[in-house]
Amino acid sequence: LVVPKKHYVFLFDMPLPVVGKLFEHVASITNAICKVLKPDGVNIGQSNGEIASQSVFHVHVHIIPRFNGDAKEGFWPQRKKFTLKQLNDLAGQIAETIKLL
């Protein structure tokens with residue numbers, strides 16, 4: 001999840017240079033995630049408005065690594081369960097990779 005520090009409810013409320021910077025971060029983080037996790041693909045998701053499935057009314061962008069066969073029923077994969085140590089290890093690897101980009 002990539003979240004701007006300044007509060008905006010919708011992407012279209014943001015000044016264009018701020019939108020650009022947000023998506024520069026999305027691209028950089030996605031690149032690092034791909035180097036660490038080696039997914040088969042990635043979904044980038046950003047919703048605006050309740051009808052569009054926005055449930056947190058602060059702009060945020062989802063980065064969802066996808067793997068062949070990860071969605072047994074429907075389009076979205078089920079959430080995987082990780083230990084806190086596993087999550088921290090992955091976060092550390094991704095953060096280190098971002099520094100190298």
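Select Leu87 to begin: at 41% relative accessibility, this residue counts as partly exposed, because the term covers values between buried (under 20% relative accessible area) and exposed (over 50%), with a 1.4 Å probe and protein chains only. The model is predicted: local features need pLDDT of at least 70 and side-chain atom pairs pLDDT 80 or more, while totals for chains, interfaces and linings use all residues. Residues are numbered from 1 along each chain as its sequence is written, and side-chain values use heavy atoms, with hydrogens and water left out.

**The surface around Leu87**

Together with Leu87 they form a nonpolar patch on the surface, with about 310 Å² of accessible area. Such a patch joins nonpolar side chains (Val, Leu, Ile, Met, Phe, Trp, Tyr) within 5 Å, taken from residues with over 30% relative accessible area and no salt bridge.

**Helix 2**

Next, select residues 84-100, which are helix 2, the element that holds Leu87. Helices (H or I, at least four residues) and strands (E, at least two) are DSSP runs, numbered from the N terminus.

Within helix 2, display Asp89 and Lys85, which lie 4 residues apart, about one turn of the helix. They form a salt bridge, their closest N and O atoms being 2.8 Å apart; the term requires a side-chain nitrogen of Lys or Arg within 4 Å of a carboxyl oxygen of Asp or Glu. Asp89 is partly exposed at 38%, whereas Lys85 is exposed at 58%.

Move along to Glu96 and Lys99, whose side chains meet in a salt bridge (3.1 Å, N to O). These two residues are 3 apart in helix 2, about one helical turn. Glu96 is partly exposed, with a relative accessible area of 45%, and Lys99 is exposed, with 63%.

**A buried pair**

Now select Asp70 and Arg66, whose side chains also form a salt bridge (2.8 Å, N to O). Both residues are buried.

**The largest pocket**

Select His62, Ile63, Ile64, Pro65 and Arg79. Of the 30 residues that line the largest pocket, these are the closest to its centre. Helix 1 (16-37), strand 2 (62-66) and helix 2 each give two or more residues to the lining. The lining divides into 17 nonpolar, 9 polar and 4 charged residues.

**The whole chain**

Finally, show the entire protein. It has 2 helices and 2 strands, which run α-β-β-α from the N terminus on. The C-alpha trace spans about 35 × 35 × 25 Å along its principal axes. Of the 101 residues, 25% are buried.

How values were computed
Patches are made of residues with over 30% relative accessible area and no salt bridge: like charges are joined within 9 Å, nonpolar side chains (Val, Leu, Ile, Met, Phe, Trp, Tyr) within 5 Å. Accessible areas come from the Shrake-Rupley method with a 1.4 Å probe; for residues, only the protein chains shown count as cover. On a 1 Å grid over the protein atoms alone, a cavity is a set of points where a 1.4 Å probe fits but cannot get out, and a pocket is an open set with protein on both sides within 12 Å along at least five of seven lines; lining residues have an atom within 4 Å of a point. Ala, Val, Leu, Ile, Met, Phe, Trp, Tyr, Cys and Pro count as nonpolar, Asp, Glu, Lys and Arg as charged, and the others, Gly among them, as polar.
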